[in-house]
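Q: Please take a close look at a single strand and describe its surroundings in the sheet.

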Amino acid sequence: MERKAQTSEEKDIILCRCEEVIQKTIEEAIGKGGDTLDSVKRSTRAGMGLCQGRTCQRLVAKILRDKTGKPLEALTPPASRPPFRPIKLDLLAQEGNKTEERE
Amino acid sequence: MKRCADVVIIGGGIIGCTTAYFLSKYTRDAVLLARKGIASEASGANYGMVWGQTRQPGYDLTMARRYLELYLTLINEVFDTDIEYEKKGGMTVFFTELERKAAEIVTRSKQSQGIPLQLLGAPEVRELEPSLSEEIMGAVYCHEDAQLNPMLTTIAFARAARKGGVAIYTDTEVLSIKTHNQSVQSVITNRGEIKSSIVLNAAGSWASQIGDMVGLKIPVYPHKLQSFVTEQIPHVLNRVIQGAQIHRNSSLEEAVQGFSYTRNVSAERPRIGQQPFHQGALADNTMLYIKPTVSDNIVCGTTFEFVGHDKNTSYESLTLIAANVKKTLPQLKDVHIIRS
């Protein structure tokens, strides 16, 4: 069956696919006083999933700009830390065992 | 921004926000200042363990127990958002005969002080947590212990405080505090001055810097813990698991200290690079934490370092944590780490 394209008015567009956060949720978080990328992330989980905000961060930033009037340059992204791609825990664990032996 | 207040609370973490909420019952004129946002620092990045088993008898234990009761009231009557509170019991696992001996000593002594600890053997541990490694000899268990989401809890307190009339200003850094004849006159921030005769220092690991502004020496210093988060994997653990802080060549006495969470510390600011527990290797300054979260991600930690406010994670630390986690919960070895 063919899916009907959604319009932005419907506000149920998924912005963060990893955590399945919809546009409406982001807008509500901003409405409740979330005015930074970090606070929106913390209250909605957008950007906390497998891809760590690679897709949704720019979209959230644009909504924040539109709702708060802050320029995009003023919206500092949350700290990004390793790993830069998901890695298996075992890879690190094997290294850790070597480190313990060395120390 | 308000220019005058009954009380100025410095700090948007758990201490500042809880204080702000309870103060809001007595005054409509309190102000809370947060250098960044609410729960942007340690209060948003910890394991959220509301535990009795790690407490010392007396004041510490009384407070922990009071909080366990209080949270139920707050959740039912005050908070307007879920804080993921779960009273599932707390478990400290051990692997060696020395650790077992230490656990036994600590369990007996804490039992006599009224803390309902149980010493579990390997079969009982696996009955509660079937995924844990066969290598685990046993655990100290306390059924009263609970866990929550620390970030959501801090935010919930801030919302309740705001509802009660507290003015909360984020991105507001305290630059100095004006005093006259040993009393506070006002707080100077990057957004202007607020007159107040009462200032509450809830700045957490910045408490000593705030103390310095009025000539008070407060021996609270940052202690860096690192963690990583796995992808979502449901039903691996029922509750948060921790290990004891014991290094590889511990004596029984040191192991007992590790299990009872008592340690002699200096009031002096630690030097950068100084090892908190055991001089020498980072591997001997680790402690196991594995926390299953409501969102099914698992948070794993940690190493301990004195490196000031540096918040970067290091390869060495993450590998040591991963080795500890794999040893405790072998099933996690094939799970992906998504963030540190």
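A: Two strands pair if DSSP finds at least two bridges between them. In this predicted model, strand E13 of chain B, residues 224–230, meets that condition on both sides. With E16(B) there are 5 bridges, and E13(B) and E16(B) run antiparallel. Within that pairing, Ser227(B) stands opposite Gly301(B) of E16(B). Strand E17 of chain B, residues 336–339, also runs antiparallel to E13(B) and is joined to E13(B) by 2 bridges. There, Val229(B) has Arg339(B) as its bridge partner.

These strands belong to an open sheet of 9 strands with mixed pairing, in the order E3(A)-E17(B)-E13(B)-E16(B)-E15(B)-E14(B)-E4(B)-E6(B)-E5(B). Its edges are strand E3 (87–88) of chain A and strand E5 (117–121) of chain B, each of which pairs on one side only. Helix H8 of chain B, residues 315–328, packs on the sheet and touches E13(B), along with strands E4 (90–94), E14 (241–243), E15 (286–292) and E16 (298–305) of chain B. The direction of H8(B) makes about 125° with that of E16(B).

As for burial, E13(B) is mostly covered, with 5 of its 7 residues buried. In a regular strand, side chains alternate between the two faces of the sheet.

Notes:
Residues are numbered from 1 along each chain as its sequence is written. Chains are lettered from A and ligands numbered from 1 in the order in which they are written. This is a predicted model: local features need pLDDT of at least 70, side-chain atom pairs count only at pLDDT 80 or more; totals for chains, interfaces and linings use all residues. Helices (H or I, at least four residues) and strands (E, at least two) are DSSP runs, numbered from the N terminus. Two residues are in contact if their C-beta atoms, placed from the backbone, lie within 7 Å. Axes are lines fitted to C-alpha atoms, for helices over the stretch in contact, and angles run from 0 to 180 degrees between N-to-C directions. A residue is buried if 20 or more other C-beta atoms lie within 10 Å of its own, exposed if 12 or fewer, and partly exposed in between; C-beta atoms are placed from the backbone.
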